[in-house]
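Please open the model in your viewer and keep the selection tool at hand. The stops below are given in the order in which they may be selected.

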Amino acid sequence: ELTGQITDLAIQGSGFFVLSDGSGKYYTRAGSFNFDANSQLVDPSTGLFVQGRMADENGQITSASTVGNITLPFGQQDPARSTTSIMLGNNLNVTASDALATLGNLGAGTTGIDVIRGTALNGAGGTHHLTITGVQATQSNFTFANVADDGTGNPGATLSGSETLSSLGIDDLTSQPFGIAIDGSGVQVITGLTLNSTVNDVINGINSISGVHAELSGGDIKLTRTKAGSGGDYNIVTSQALATLNGSGVATNGNIVGVLFGVADGATYSVNNGTDHTFNCVDAFTSSGGIAFTPETLGIIVDENTGLATGVDGVGDGGIEVSASGSSGLSAGQCYIDAADTIHATSITVFDSQGGKHTLTMDFIRTADNNRWRWEVSATGNETIGSGGTGTVSFYSDGSLLSFDYDGSANTITFNPNNGAEEMSITVDAGTVGGFDGLTGFSSPHTASILQQNGYGLGILDNISIDKAGTISGIFTNGVSRVLAQIILADFNNHSGLLKAGRSLYQTSANSGEAIEGIAGETISGQISSGALESSAVDIAQEFTGMITAQRGFQANARIITTSDNMLDELVNLKR
């Protein structure tokens with residue numbers, strides 16, 4: 001029968017509680033117990049003391065512990081315990097990145113870089129020192145020397161945009177069409193020209209062809225490939241010239257190529273003097289923790305439309321855009337880029353030797369090395385972190401723990417509370433190497449945390465609990481639970497041989513045998529239920545069966561009496 005009273009105890013199965021008056025022992029299954037004025041567990045109806053074994057100050061009950069009265073020290077203080085270890089667990093996201101890039105304080109120098117955005121794929125925070133050497137790509141270009149006669153009889157006249165083709169001696173625009181080929185492609189013929197067309201009309205016709213630019217330069221026509229790069233790749237080819245030059249160098253059958261460009265008879269002129277860029281970029285990365293990494297050569301980004309080198313590729317293993325948006329693209333020089341740290345933080349309250357509380361924070365900072373993080377410990381008050389406050393944690397490729405190391409020769413975190421308490425030395429349990437029982441490194445959200453610590457503040461015994469084995473645990477106000485005592489049970493070879501001693505008490509006899517004392521659920525088969533009382537020790541099923549049998553017997557006897565009475569009535573009626 002449930003009562004809700006912790007000290008009401010019932011035995012499930014065989015066994016008896018052991019009570020004592022100081023001189024003799026009694027045995028009972030009636031477990032309505034409570035504490036007296038001296039905090040001793042007793043049977044209030046008889047004043048007898050419940051027997052058991054007391055635990056030592058460490059909460060240990062040994063076989064050598066003597067059986068006696070159970071006394072619980074209610075109101076007793078539980079001293080504070082300094083934290084000596086913390087336990088880590090759960091996951092660090094090995095692909096997380098908060099490494100947002102910005103232009104550093106030292107700027108972009110002469111590099112022309114003015115666009116910095118994105119986050120480093122490796123998630124590492126620190127400074128990228130870019131050193132760019134080399135020169136920019138150039139365009140294929142050439143200024144032709146014309147052989148036109150402006151009417152003065154002098155070949156190589158200074159051209160003006162308004163002069164007509166016929167005035168310059170050009171008389172054939174049909175048999176020898178004029179065109180431009182770009183990068184080795186087919187000739188694109190300029191149509192619509194007549195002998196009355198001007199030099200500007202020719203220049204405009206050339207400029208209608210994508211990829212080439214024409215202009216008058218010093219009285220001659222200059223052609224420029226609009227895309228920079230190697231002359232073998234980005235070049236201009238004029239159409240074949242069939243003009244015949246007389247001895248004075250003046251073209252007869254004056255065609256456009258021969259007269260305006262001075263190309264020799266039957267020749268095809270290629271403009272292919274452009275050059276590729278020669279830029280080289282080296283990234284000397286220094287992490288936020290002050291670790292300098294081996295300089296790394298990065299890629300150069302080339303604009304497909306202009307052929308110019310406009311950016312740097314691979315900063316922070318990619319993810320960061322570094323480019324020069326100006327029309328001239330990159331230039332040689334030095335540039336500094338800052339990347340923020342990728343940090344996951346977790347905190348816990350630790351206790352000093354006086355029970356003082358301190359908030360301990362551990363920051364995990366992703367490094368440029370795969371599956372490797374730095375960790376740093378800090379406190380929020382006036383505390384001082386001594387040796388062992390920093391280190392690294394690494395993971396295998398399967399996400400299991402590879403190592404958890406302290407910087408220097410430390411193997412614990414030293415922590416000075418600076419409040420008069422003792423200096424603390426805290427070990428970190430990060431799990432089993434090669435296992436998944438502590439910190440792990442998977443590409444999953446951050447859940448890493450400090451799971452627990454073993455310190456606590458001052459506490460006072462406030463409550464108790466009793467388990468199936470009769471173990472009495474004290475619950476202190478600081479959250480600590482400690483074993484205080486254990487109730488013992490007794491059993492007999494012959495229960496029927498016990499002598500009644502009144503008030504549900506029994507004593508041993510020669511017929512019952514000596515009591516076998518032990519622990520519930522171990523030496524004694526019965527188990528203890530706290531918060532309940534045994535209403536009866538008899539076999540309920542047997543008693544119920546006996547009650548039914550008695551009821552049926554009474555019912556049968558009642559029928560016999562009724563029948564006998566009826567027979568007598570009939571006999572009397574016969575006389576009448």
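How many bridges join strand 2 (residues 16–20) to strand 3 (residues 25–28)? The two strands run antiparallel and are joined by four bridges. Strands here are DSSP runs (E, at least two residues), and helices are likewise DSSP runs (H or I, at least four), numbered from the N terminus. Two strands are taken to pair if DSSP finds at least two bridges between them.

Before going further, note that this is a predicted model, in which local features need pLDDT of at least 70 and side-chain atom pairs count only at pLDDT 80 or more, while totals for chains, interfaces and linings use all residues. Residues are numbered from 1 along each chain as its sequence is written, and side-chain values use heavy atoms, with hydrogens and water left out.

**The hairpin**

Select Leu19 and then Tyr26 in strand 3, which stands opposite Leu19. Strand 2 and strand 3 form a hairpin with four residues between them. Within the turn, select Gly22, whose phi is positive, at about 105 degrees.

**Salt bridges**

Side chains of opposite charge can pair when their charged atoms come close. The criterion for a salt bridge is a side-chain nitrogen of Lys or Arg within 4 Å of a carboxyl oxygen of Asp or Glu. By this rule the structure has seven salt bridges.

Select Glu321 and Arg117, whose side chains meet in one of them, at 2.7 Å from N to O. This pair links distant parts of the chain: Glu321 belongs to strand 25 (residues 320–323) and Arg117 to strand 11 (residues 115–118), 204 residues apart. Glu321 is partly exposed, with a relative accessible area of 34%. On this scale, buried means under 20% relative accessible area, exposed over 50%, and partly exposed in between (1.4 Å probe, protein chains only).

Proceed to Arg225 and Asp183, which form a salt bridge with their closest N and O atoms 2.6 Å apart. Here too distant parts of the chain are linked: Arg225 is in strand 17 (residues 220–225), and Asp183 is in the loop between strand 14 (179–182) and strand 15 (188–189), 42 residues apart. Arg225 is buried, at 6%, whereas Asp183 is partly exposed, at 30%.

Next, select Arg372 and Asp369, a salt bridge in which the closest N and O atoms are 3.6 Å apart. Arg372 is partly exposed at 26% relative accessibility, and Asp369 is partly exposed at 33%.

Is Ser394 buried or exposed? Ser394, found in strand 31 (residues 390–395), counts as buried at 9% relative accessibility.

A search of the whole structure finds zero disulfides (pairs of cysteine sulfur atoms within 2.5 Å). Select Cys281, for which the nearest cysteine sulfur, that of Cys335, is 8.4 Å away. Cys281 is buried, at 0% relative accessibility, and Cys335 is likewise buried, at 0%.
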